Amino acid sequence: MNTQPNVFTDVFSEAKLGPITLRNRIIKAATFEASTPDALVTEDLINYHRLPAAGGVGMTTVAYCAVAPGGRTDGWQIWMRPEAVPGLQKLTEAVHAEGAAISAQIGHAGPVANARTNKAKALAPVRFFNPLSMRFAKKATIDDIREVTAAHANAARLAIDSGFDAVEIHLGHNYLASSFLSPLINRRIDEFGGSLENRAKVARGVVRAVRDAVDKAGGTIAVTAKLNMSDGIRGGISLEESLQTAKWLEEDGGLDAIELTAGSSLVNPMYLFRGDAPVKEFAGAFKPPISWGMRTVGKGFLREYPYREAYLLREAKQFRAELKLPLILLGGITNRDTMDQAMAEGFEFVAMGRALLAEPDLINRIKADGDAHSVRSLCTHCNKCMPTIYTHTHCVLTGAPDALVR
């Protein structure tokens with residue numbers, strides 16, 4: 001148990017994250033930018049990340065860098081391969097020129113993967129139907145699990161070659177590793193199902209593989225993970241089980257920090273986002289029959305949760321009390337008061353998504369405001385940015401080119 005007294009830290013102070021040093025403790029959360037039509041870096045993607053870097057963040061996170069073509073949530077997303085490295089190098093150089101660090105979110109979407117647009121079979125703990133792709137994900141074999149684990153290690157090596165300062169392993173939102181953790185989705189009866197210890201094997205194995213690859217390459221980059229505290233659905237990942245998984249990850253020694261998240265991309269995405277549920281806009285983003293289904297049952301899928309600042313703090317504090325590992329607080333971080341609250345509660349970093357989508361220069365404005373604490377984000381939490389991920393992600397209020405938390 002972490003019994004160290006919380007010491008207030010200035011969010012704008014330098015911070016160590018594993019082997020790297022960030023200029024401040026503010027991280028742009030991993031996003032889907034909708035700006036890689038050929039699954040390769042574009043000038044649009046570079047601009048998406050250059051702007052918040054110039055706007056003052058300590059580190060920006062590129063998403064979604066899938067470890068395999070079948071691990072993408074859509075076929076136009078980047079997947080880590082040698083062909084992608086030159087563009088990724090140009091991207092990291094542009095961010096570094098603005099004084100910020102840059103991380104690559106690596107992972108496999110599992111049952112969330114779009115087998116139709118990926119033109120590759122999706123994987124899941126058991127055979128699983130994805131209504132958005134109208135395809136079944138196949139039950140992952142032992143060989144599939146080994147291949148995905150090795151693909152994470154390869155993605156980490158490519159991230160190093162591309163000039164990234166960190167990788168963030170996606171263990172949340174019912175993507176592949178998270179779906180194995182979920183007792184609701186994972187109904188296997190083999191060594192990867194049943195007990196939490198068995199269900200956590202994929203997540204722990206992936207982290208170990210990435211850490212080994214990073215260490216063999218000199219250990220020059222940080223390794224973090226995004227972990228669900230809760231799926232927000234009955235029978236899914238619970239806080240108690242997630243906390244035990246986090247303790248195992250800490251004991252394994254593969255991570256430099258954990259970013260705490262929540263919600264399921266499959267059944268309850270708004271549990272992460274909070275605020276308005278843009279059902280009409282989501283329906284308009286799809287063609288029939290999905291658009292018809294969204295209009296009919298969308299309110300059940302996109303459940304609405306009221307927004308409040310630091311809305312994941314209460315659950316995250318339970319992790320802070322039990323872990324020594326640095327933690328990144330996500331969810332409702334939009335102003336200096338909330339950042340200071342996170343620091344006072346003992347969190348080493350904060351992560352921001354929608355607020356930076358609306359205003360890429362928000363961090364510089366908050367810093368310039370000093371002790372006044374008067375700067376407030378323009379984001380209204382209408383969440384109408386969410387459906388724009390299928391065309392070109394943007395804030396519908398400001399039109400600012402940034403991206404949505406994934």
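**Strands, helices and their packing**

Me: How many bridges join strand β3 to strand β5?
Reply: In this predicted model, β3 comprises residues 26-28 and β5 comprises residues 59-66. The two strands run parallel, and the number of bridges joining them is two.

Me: Which residue in β5 does Lys28 stand opposite?
Reply: Strand β3 covers residues 26-28 and is joined to β5. The position in β5 opposite Lys28 is Thr60.

Me: Which strands does helix α7 touch?
Reply: Helix α7 spans residues 201-216 and packs on the sheet. Its direction makes about 170° with that of β10. The strands touched are β6, β10 and β11.

Me: In what order do the strands of the closed barrel run?
Reply: The barrel has eight strands with parallel pairing. Neighbouring strands of this sheet are turned by 30° against each other on average, direction ignored. The order is β3-β5-β6-β10-β11-β12-β13-β14.

Me: Are α7 and α8 roughly parallel or roughly antiparallel?
Reply: The axes of α7 and α8 (residues 239-252) come within 11 Å and cross at roughly 25°. Angles under 35 degrees count as roughly parallel. The two helices are therefore roughly parallel.

Me: Which residues of α8 make the contact with α7?
Reply: The crossing of α7 past α8 is right-handed. By class, the contact has three nonpolar, no polar and three charged residues. From α7, Arg204, Val207 and Arg208 take part; from α8, the residues are Trp248, Leu249 and Asp252.

Methods: Residues numbered from 1 in each chain as written. Predicted model: local features only at pLDDT ≥ 70, side-chain atom pairs only at ≥ 80, totals over all residues. Heavy atoms only, no water. Pairing = 2+ DSSP bridges. Helix = DSSP H or I, 4+ residues; strand = E, 2+ residues; numbered from the N terminus. Axes fitted to C-alpha atoms, helices over the stretch in contact; angles between N-to-C directions. Contact = heavy atoms within 4.5 Å. Parallel < 35°, antiparallel > 145°, perpendicular 65-115°, else oblique. Left-handed = near helix turned anticlockwise from the far one by under 90°. Nonpolar A, V, L, I, M, F, W, Y, C, P; charged D, E, K, R; others polar.
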